[in-house]
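Subject: Structure handover

Hello,

Here is the structure I promised to pass on. Please open it first, then read my notes below.

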Amino acid sequence: MNIYFSGISGTGVGPLALMAKNAGMKVFGSDLLSGAVTNELVQNGVKICLGEQDGEFLKACVKNEGVDWFVYTSALPEDHPELLMAKKLKLKISKRDELISYLVKKMKLKMVAVAGTHGKTTTTAMIIWACQKLGIPVSYLVGTTLPFAPAGRYDKKSEFFIYEADEYDRNFLAFKPWIAAITTVSYDHPDIYLTEKDYQDAFRQFERQSEQVIRGDEVASDVTLAGEARRYDATLAIDVMQRIMPQPKGLTRFMGKQRKKIVEVINQFPGVGRRFEQISEGFYSDYAHHPEEVAATVEIAREEAERRGLKGVIAVYEPHQNVRQSEMADGYAEAFDGVKKVYWLPTYLTREDPKRKVLTPENFINKLSNKKVAEEAALDEDLAQKLLKWHEDGFLVLLMTAGPADAWLRKVVYAGNQESAATQLIHAPRSADEKL
């Protein structure tokens with residue numbers, strides 16, 4: 001089967017493209033810009049076109065290779081040129097959930113779906129990590145890059161499929177998991193769920209259509225990872241692993257030893273891309289863009305700074321999506337308590353309501369309980385020099401963003417690294433007549 005992925009560089013579609021390639025399918029796709037998984041895709045022989053997605057690369061793939069299925073990211077608008085071209089060419093079209101369901105059924109896998117407002121990426125990665133270390137073959141998809149494995153993989157020996165089940169666009173309701181592991185559930189994505197009740201109802205429906213449900217509701221005392229939120233995620237991952245690993249009936253003693261082994265592995269978890277990721281000594285980047293996530297990440301950073309004997313935490317925050325932030329703004333009051341300094345960037349705008357007033361950094365700062373430590377900032381040389389000076393003075397620098405600030409900080413830290421060689425290898429034909 002030949003599959004074309006539109007939006008292939010993102011963490012939603014990219015890992016699925018890797019899994020499909022790993023399962024023996026021919027994969028190609030396009031994206032406007034290079035993303036988190038672009039290098040992995042290119043290294044795995046996936047043909048990608050970066051730049052204007054005008055439909056010409058899709059047409060070339062159809063003509064020269066044949067395309068059986070067009071899969072597109074939820075971020076694609078209905079009038080997107082590639083989507084319109086796919087319809088014109090009468091291709092099979094779907095978002096990622098339909099292809100995932102197809103692969104799970106075809107490969108006869110038991111789905112272990114991790115869902116929740118916060119912590120699902122880390123929890124999913126912890127389960128994948130534990131399975132690898134304990135010798136359990138698994139197939140999986142996770143919405144980030146992993147330092148210890150590809151972001152998506154199919155293993156023909158696997159019985160289980162570990163999946164980060166995203167509630168955005170109600171994606172997770174397309175599945176009937178063998179296990180649903182639920183992290184914290186509060187409220188998010190007001191552009192999809194108009195009320196908190198609507199959001200909570202979706203999770204209740206997800207639980208009803210799952211064979212087993214495991215809810216994270218405590219923190220195990222033998223988990224030693226930094227940060228209460230991370231220890232919470234680890235406890236849920238341990239509970240899932242105890243269901244996955246074979247357990248002889250009636251042997252309580254054996255089960256106790258097995259749990260101890262799982263805990264030892266989880267306590268060695270190396271983290272994931274963009275989830276309190278150390279991009280250089282003393283510099284960390286995180287995907288947090290919700291008040292609860294921000295507070296949890298700040299707590300992890302403060303604990304890590306104390307462990308390392310650093311003076312404290314300097315935070316840089318780039319909110320994501322004005323629609324979301326307008327609903328969540330009051331939740332930031334105590335989110336940055338305990339940090340030495342906060343640099344607040346303008347909101348990264350995506351999928352916005354043009355009628356809604358865009359909140360400024362000042363609007364947010366005025367809501368903080370410690371607003372004297374916060375100031376408005378921009379991604380410029382002035383901020384770069386301030387962060388380098390804080391770092392030199394013995395502080396941990398923490399960036400939280402779902403937008404372009406991550407790439408900016410990496411350039412600051414690595415002082416002008418050139419674009420990766422893998423990105424330069426990307427093939428980008430501009431017409432249907434150019435051979436792939």
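The protein has 57 positive and 60 negative side chains. The centres of the two sets lie 6 Å apart. Lys and Arg count as positive, Asp and Glu as negative, while His and the chain ends are not counted. Each charge is placed at NZ of Lys, CZ of Arg, CG of Asp or CD of Glu.

Some ground rules. This is a predicted model, where local features need pLDDT of at least 70 and side-chain atom pairs count only at pLDDT 80 or more, whereas totals for chains, interfaces and linings use all residues. Residues are numbered from 1 along each chain as its sequence is written, and side-chain values use heavy atoms, with hydrogens and water left out.

**Overall build**

The protein contains 15 helices and 17 strands. Both are DSSP runs numbered from the N terminus: helices are H or I with at least four residues, strands are E with at least two. The radius of gyration is 22 Å, close to the 22 Å that the globule rule gives for 436 residues, so the protein is as compact as a globular protein of that length. That radius is taken over C-alpha atoms, and the rule is 2.2 Å times the number of residues to the power 0.38. Along its principal axes, the C-alpha trace spans about 60 × 60 × 45 Å.

Of the 436 residues, 54% count as buried. Buried means under 20% relative accessible area, exposed over 50%, and partly exposed in between (1.4 Å probe, protein chains only). The exposed surface comes to about 19,300 Å², and carbon and sulfur atoms supply 49% of it. Areas come from the Shrake-Rupley method with a 1.4 Å probe; for residues, only the protein chains shown count as cover. Take contacts between residues at least 6 apart in sequence: 71% join residues at least 24 apart. Contact means heavy atoms within 4.5 Å.

Which residues of α5 (96–106) are buried? They are Arg96, Leu99, Ile100, Leu103 and Val104. They cover an arc of only 135° around the axis, which puts them on the same side of α5. The arc is that of the directions from the helix axis to the C-beta atoms. Just after α5, Lys108 takes a positive phi of about 55°.

Phe161 lies in strand β9 (160–164). Phe161 is buried, at 1% relative accessible area. Leaving aside neighbours within four places in sequence, its contacts include Ile100, Val104 and Lys110. Phe161 and Lys110 are 51 residues apart in sequence, yet 5.7 Å apart in space, C-alpha to C-alpha.

**Loops**

Two further residues have a positive phi without being glycine. Lys90 has phi near 60° and sits in the loop between α4 (81–88) and β5 (92–94). Lys90 is exposed, at 76% relative accessibility. Phe276 has phi of about 45° and sits in the loop between α9 (252–266) and β12 (277–280). Phe276 is buried, at 9%.

Thr347 is in the loop between β15 (341–344) and α12 (361–365). Thr347 counts as buried, at 12% relative accessibility. Beyond neighbours within four places in sequence, Thr347 is in contact with Pro319, His320, Gln321, Asn322, Gln325, Leu359 and Phe364.

Glu392 and Asp191 are 201 residues apart in sequence and 41 Å apart in space, C-alpha to C-alpha.

Best wishes
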